[in-house]
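Could you walk me through this structure, stop by stop, while I have it open in my viewer? I would like to know what to select next and what I will find there.

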Amino acid sequence: MSEMALRNAALDIVSRVGENGGYSHLLIHQTIEKRGLSDRDTSLLTEIVYGTIQRKDTLDYYITPFVKNKKKLKPWVLWLLYMSCYQMVYLERVPDHAIIHEAVEIAKKRGHKGIVSMVNGVLRNLQRKGVPSLDQIDDPIERVAIETSHPKWMVKRWSDMYGLEETAKMCRQNLERPTMSVRVNTTRFSRDQVMETLKEDGFDCEESILSPQGIIIFSGNILHHSIFKEGGVTVQDESSMLVAEMMNLEEGMHVLDSCSAPGGKSTHIAEKMNNTGQVASFDLHKKKVKLVAEKANQLGLTNISTAQADARHLPELIGAESFDRVLLDAPCSGLGVVRGKPDIKYSKTEDDIDSLSAIQKELLESVSALMKKHGTLVYSTCTVDRQENEEVIQSFLSRHPDFEVDKAFFNELPEECKDLPGISEWGLQLFPQDFDTDGFFLTRLKRKQ
Ligand SMILES: C[S@@+](CC[C@H](N)C(=O)[O-])C[C@H]1O[C@@H](n2cnc3c(N)ncnc32)[C@H](O)[C@@H]1O
């Protein structure tokens with residue numbers, strides 16, 4: 001694909017995400033498939049699209065002094081300026097004059113003469129004068145918000161919850177691309193076997209400290225490797241692996257995964273039980289339930305049963321106290337995964353958090369009834385927000401004095417997690433900066449004996 005066609009495709013994606021809130025990772029994937037992009041083009045397209053979306057508010061701050069009547073610009077023109085500014089400031093491989101030339105050519109194809117000369121003028125000024133300094137922003141919350149391109153309400157909210165220093169670290173970490181990690185299917189291979197194979201095949205990888213099944217991959221394309229295609233490993237963030245690790249699973253157990261799609265944790269649980277016992281995996285959406293069954297099949301796991309259900313009604317379908325282990329990996333705002341899905345940080349609102357936390361409370365209320373007397377329940381989310389995490393647990397415990405946070409949970413955490421800033425009496429909040437993982441919350445409940 002020519003440089004110009006590639007940047008045009010990137011502009012299509014960023015403006016669609018900007019205008020309609022489309023998911024950038026899905027649009028990138030569609031473009032790669034449709035156009036059959038080479039590895040090099042895929043990597044450049046991904047870099048430009050993610051980088052531009054990830055840093056949108058910073059880029060806006062950078063170009064604003066050079067643009068007159070910004071509000072009147074067509075969205076695609078503004079996105080072209082953001083995209084070009086991103087490449088000029090953050091990418092070293094293409095010289096500025098080439099970036100400006102490509103932008104002008106794209107403007108010629110899409111717009112009239114006035115737009116072409118405005119794009120040319122803005123980018124040349126930017127090249128000559130440089131970007132404005134962030135030090136001019138007095139309010140520290142606003143400075144972090146603009147420097148790291150997060151909505152100001154979000155930075156303020158996190159700062160009230162975790163302090164400005166931790167928040168700034170998190171926002172900066174959110175700008176990094178996520179590191180790839182995989183989980184070894186231990187019903188087939190040991191982690192040592194997989195490590196050895198990958199190293200022999202030129203991968204740069206190391207063992208995870210959060211899960212004995214986890215491998216972090218720094219370089220090498222695992223998706224093209226036979227071990228992935230044959231179900232020897234599953235792509236999963238290390239923070240998510242911690243969930244099944246903390247469930248104290250034993251062979252032959254009955255486990256409920258109440259919100260299971262697409263099946264990352266159900267299959268991990270099934271592997272940890274060595275394909276014995278039973279994992280009952282439910283999800284609200286029929287289509288998504290299918291993904292769980294497919295994943296189980298791909299990994300050769302036969303101890304997972306799947307069905308569509310609203311977990312809030314499960315006690316009406318299944319007898320109370322039926323499961324040794326219950327997992328509620330709740331639907332959440334996803335603010336822990338903005339490294340990989342940057343659009344989330346612009347689309348979520350505080351109203352979303354209010355309604356999600358209400359659903360989380362309802363879900364916890366109903367699935368807790370399904371736990372056997374001596375069983376345990378793990379609650380997790382891939383978000384960083386007290387209202388969806390600690391406060392959901394706190395509110396549940398205040399209504400259920402017969403339940404408590406299982407103290408053993410804290411002792412069983414990997415050594416490296418025990419002194420993290422996110423540890424509280426309600427569980428563990430992992431921040432992305434702790435181990436370069438997603439932001440993630442988990443805790444374990446049991447009945448008081
Ligand atoms: C965080 S995701 C689960 C991810 C999954 N545990 C995994 O590891 O692959 C939350 C899931 O909850 C499902 N969900 C949302 N509301 C639900 C409900 N009321 N009952 C059951 N599932 C629900 C969503 O469809 C979504 O698939």
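Begin by selecting Glu404, which is partly exposed, with 13 other C-beta atoms within 10 Å. A residue counts as buried at 20 or more such neighbours and as exposed at 12 or fewer, so Glu404 falls in between. Its place is in strand S10, residues 403-405. Now show what Glu404 touches: setting aside residues up to four places away in sequence, the contacts are Leu397, Leu445, Lys446 and Lys448. For a sense of scale, draw a distance from the C-alpha of Glu404 to that of Tyr346; the two residues are 58 apart along the chain, and the separation is 36 Å.

Before moving on, a word on what you are looking at. This is a predicted model. The average pLDDT of the protein is 96, and 100% of the residues score at least 70. For the complex, the predictor gives an ipTM of 1.00 and a pTM of 0.95.

Next, colour residues 170-448. An unreviewed UniProt entry places the feature "domain: SAM-dependent MTase RsmB/NOP-type" on this stretch. Over those residues the chain is 34% helix and 24% strand, with the end C-alpha atoms 36 Å apart.

Now select the ligand and bring up its surroundings. How many residues surround the ligand? There are 18, and the closest are Cys259, Gly264, Leu284, Ala311 and Asp329. Sorted by class, this shell holds seven nonpolar, five polar and six charged residues.

With H14 still highlighted, step back to Pro262, in the loop between strand S5 (254-257) and H14. Look at the peptide bond from Ala261 to Pro262: it is cis, with omega near 5 degrees. Most peptide bonds are trans, and most residues other than glycine have a negative phi.

That second point leads to the next two stops. Select Asn275, in the loop between H14 and S6. Asn275 has a positive phi of about 65 degrees, although it is not a glycine. Is Asn275 buried or partly exposed? It counts as partly exposed, with 16 C-beta neighbours inside 10 Å.

Then go to Glu321, in the loop between helix H16 (314-317) and strand S8 (323-329). Glu321 is not a glycine either, yet its phi is positive, at about 55 degrees. Glu321 is partly exposed, having 14 other C-beta atoms within 10 Å.

Move along to Ile359, in helix H18, residues 350-368. Ile359 has 16 other C-beta atoms within 10 Å and is partly exposed.

For the last stop, select helix H5, residues 75-90. Its 16 residues reach 22 Å from the first C-alpha to the last, close to the 22 Å expected at 1.5 Å a residue. Where does H5 sit relative to the rest of the structure? Of its 16 residues, 13 are buried, so H5 is largely enclosed by the rest of the structure. As you turn the helix in the viewer, remember that an α-helix has 3.6 residues a turn, so residues three or four places apart point the same way.

Terms used. Residues numbered from 1 in each chain as written. Predicted model: local features only at pLDDT ≥ 70, side-chain atom pairs only at ≥ 80, totals over all residues. pLDDT = per-residue confidence, 0-100. Helix = DSSP H or I, 4+ residues; strand = E, 2+ residues; numbered from the N terminus. Expected span 1.5 Å × (residues − 1). Contact = placed C-beta atoms within 7 Å. Near = placed C-beta within 6 Å. Nonpolar A, V, L, I, M, F, W, Y, C, P; charged D, E, K, R; others polar. UniProt positions renumbered as here; feature names shortened; annotations may be inferred.
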